[in-house]
Amino acid sequence: PMHLYGSPSYTKFATPVFQMIASRGCPYGCAYCINAVKDVSIKYRKRSVSLVADEMEYLIEKYSARQIQFWDPIFPLGGKHAQEFCREIGKRNIHKKIVWNSTTYSELLDEETVAMLAEHSCKGLGFGVESGSLELLKSVNKKANYDHLRKICAVARKNGIVVAGSFILGFPGETEKTAKMTIDLAKSLDIHYAQFSLMIPYPGTPLYDQLSAAGKIFDSEEEDFIRYNQSVGITENQPVYIPN
């Protein structure tokens with residue numbers, strides 16, 4: 001019963017909204033991310049834009065979809081991919097029937113690409129900012145350019161796109177100072193929403209292996225995945241890792 005499925009209110013721009021996946025994995029391999037699991041998710045592969053557009057048309061025609069939310073780690077992957085996707089849905093006039101939103105990597109975008117996304121019915125973009133400390137990000141193999149991030153957030157907002165940033169507290173080496181740097185960065189960005197989560201070392205990721213080898217993972221049954229929840233701070237469950 002498709003009418004029972006929805007989306008969080010801050011990512012909902014039209015009703016009904018449906019979810020799609022246009023790609024798998026991520027080519028960047030940040031040490032804390034589930035997409036860095038060895039030999040699995042890091043193998044990035046994407047569907048052709050024509051097949052993605054086919055599915056969008058199917059959801060419009062069969063279920064009267066008004067919005068598509070892409071759940072890919074990164075979609076679109078860069079300006080060339082974004083422009084190819086926009087041309088395809090523009091050719092079919094899909095952008096006149098539906099709106100869509102996604103998460104992507106701010107460093108992959110420029111002003112021209114953002115404007116093209118907005119012109120082709122993109123209503124929301126999410127960026128994984130994670131931390132306000134470049135030192136912490138470097139330690140987990142996450143690249144960042146705060147100046148470019150600020151520019152893209154402002155450009156997206158100027159083009160009528162709702163911008164969300166996700167942030168993580170609790171990386172190894174986190175201190176009160178670096179946590180405040182993250183909060184200050186979130187407040188300085190021209191975004192609509194900031195989502196804060198605890199750093200969770202997921203089994204299979206390089207960061208989990210590193211912390212487990214160092215004896216930093218709290219004893220628990222491996223199957224007790226309820227503790228591997230980034231919202232443990234507001235539940236009765238204790239996190240599996242707390243930085244020194």
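Phe70, Phe75, Phe85 and Trp100 form one aromatic cluster. The model is predicted: local features need pLDDT of at least 70, side-chain atom pairs count only at pLDDT 80 or more, and totals for chains, interfaces and linings use all residues. Residues are numbered from 1 along each chain as its sequence is written, and side-chain values use heavy atoms, leaving out hydrogens and water.

**Aromatic pairs**

The structure holds 11 aromatic pairs. Rings of Phe, Tyr and Trp (its six-membered ring) pair if their centres lie within 6.5 Å; planes under 30 degrees apart are stacked, over 60 edge-to-face, the rest tilted. Two of the pairs are tabulated.

| Pair | Centre to centre | Angle between planes | Class |
|---|---|---|---|
| Phe18 and Tyr63 | 5.7 Å | 40° | tilted |
| Phe70 and Phe85 | 5.9 Å | 85° | edge-to-face |

Both link distant parts of the chain. Phe18 lies in strand E1 (residues 17-20) and Tyr63 in helix H1 (residues 49-63), 45 residues apart. Phe70 is in strand E4 (residues 67-70), Phe85 in helix H2 (residues 78-91), 15 residues apart. Helices (H or I, at least four residues) and strands (E, at least two) are DSSP runs, numbered from the N terminus.

Burial is by relative accessible area: buried under 20%, exposed over 50%, partly exposed in between (1.4 Å probe, protein chains only). Phe18 is buried at 6%. Tyr63 is partly exposed at 29%. Phe70 and Phe85 are both buried.

**Helix H7 and beyond**

Leu207, Tyr208 and Leu211 are the buried residues of H7. Just after H7, Gly215 takes a positive phi of about 70°. Ile242 is in the segment after helix H7 (206-213). Ile242 is partly exposed, at 43%.
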